[in-house]
Amino acid sequence: MRINKYIAASGIASRRKADEMIAAGRVRVNGAVMTSPGCDIQPGDVVMVDGKPLPAAEKTCWYALNKPAGCVTTLSDDKGRPTVMQFLADVEVRVYPVGRLDYDTSGLLLLTNDGDMASRIADPKQKIKKTYMARIGGRLTKEHLAELRNGIEIELPVKNAESGAVRKYKTKPAEVNVIEENASQSLVEITISEGKNRQVRRMFAAAGHRVLQLERTAIGNIRLGRTRPGTCRRLTDAEIEGLKKLLI
Ligand code: URA
């Protein structure tokens, strides 16, 4: 990792400030003063600023991105579609998406460099609640609302099957509230504690409704809030602590 990025990742300075520190001769790598911002840090290198060692491990950081629809949550895409990486230009640290959102879903996407905790949060065994706001075609009947709440049979693709084979799956209980409705559309808030492929869309499809728009508004204790699509904010320490407390 570039030395300025390494210093920034430790949390003591921005990349620009780190460049200034380097130019001022305040940074040593393995005892030697380092004045080139292009120097790469290798595992095991000891970096000191003003005679004090930086922590060898990257400081872990967490971000909440308001993902717009029309981009993928992977770091690159073999179909050449835009990825969420375009919204992370100001993030100094290399962070990775926690779980995923569909190309056409917007809303809260967590990103972190804490790989261990990211995989625990994304692990379905943790049953972390995720809330979505879905705009659907038509109006839900009482029966379908009850089915969505208690468990509805959806079709899931069979892994590694080339034939497009599907299997039946009954969803776990969900919290479902109709926020607004008229004859042509309804706005429905749905909270699930599992994360099967395109689960929310499949649940509404099983009830006979098309999802017109889908936005994730919360993951556990983390709320999307009023951020603009394409913007990213750092989680507070209290939010990160709250997330950790959800893990079993
Ligand atoms: N459910 C969906 O259908 N899509 C998502 O992106 C997330 C949950």
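Mentor: Please begin with one contact in this predicted model: a polar backbone atom of arginine 198 lies 3.3 Å from an oxygen atom of the ligand.

Trainee: Which distance qualifies such a pair as a polar contact?

Mentor: The pair must consist of N or O atoms within 3.5 Å. Side chains also take part here: an N or O atom in the side chain of threonine 105 is 3.0 Å from an oxygen atom of the ligand. For aspartate 102, a polar side-chain atom lies 2.6 Å from a nitrogen atom of the ligand.

Trainee: How much of the accessible area of the ligand does the protein cover?

Mentor: On its own, the ligand has 240 Å² of accessible area, and the protein covers 94% of this. The ligand takes up the space of the largest pocket.

Trainee: How many nonpolar, polar and charged residues does the shell around the ligand have?

Mentor: The shell has four nonpolar, two polar and three charged residues. Among those surrounding the ligand are Leu101, Tyr132, Val200 and Leu214. Helix H5 (residues 199–206) gives the largest share, three residues.

Trainee: Why does the ligand lie between domain 2 and domain 3?

Mentor: It lies there because domain 2 (62–124 + 221–246) and domain 3 (129–219) both give residues to its shell.

Methods. Residues are numbered from 1 along each chain as its sequence is written. This is a predicted model: local features need pLDDT of at least 70, side-chain atom pairs count only at pLDDT 80 or more; totals for chains, interfaces and linings use all residues. Side-chain values use heavy atoms; hydrogens and water are left out. A residue is near a molecule or strand if one of its heavy atoms lies within 4 Å of it. A polar contact is a pair of N or O atoms within 3.5 Å; within protein, one must be able to donate a hydrogen and the other to accept it, and residues adjacent in sequence count only if both atoms are side-chain atoms. Accessible areas come from the Shrake-Rupley method with a 1.4 Å probe; for residues, only the protein chains shown count as cover. On a 1 Å grid over the protein atoms alone, a cavity is a set of points where a 1.4 Å probe fits but cannot get out, and a pocket is an open set with protein on both sides within 12 Å along at least five of seven lines; lining residues have an atom within 4 Å of a point. A molecule sits in a cavity or pocket if more than half of its atoms lie within 2 Å of its grid points. Helices (H or I, at least four residues) and strands (E, at least two) are DSSP runs, numbered from the N terminus. Ala, Val, Leu, Ile, Met, Phe, Trp, Tyr, Cys and Pro count as nonpolar, Asp, Glu, Lys and Arg as charged, and the others, Gly among them, as polar. Domain bounds come from an automatic or database domain assignment.
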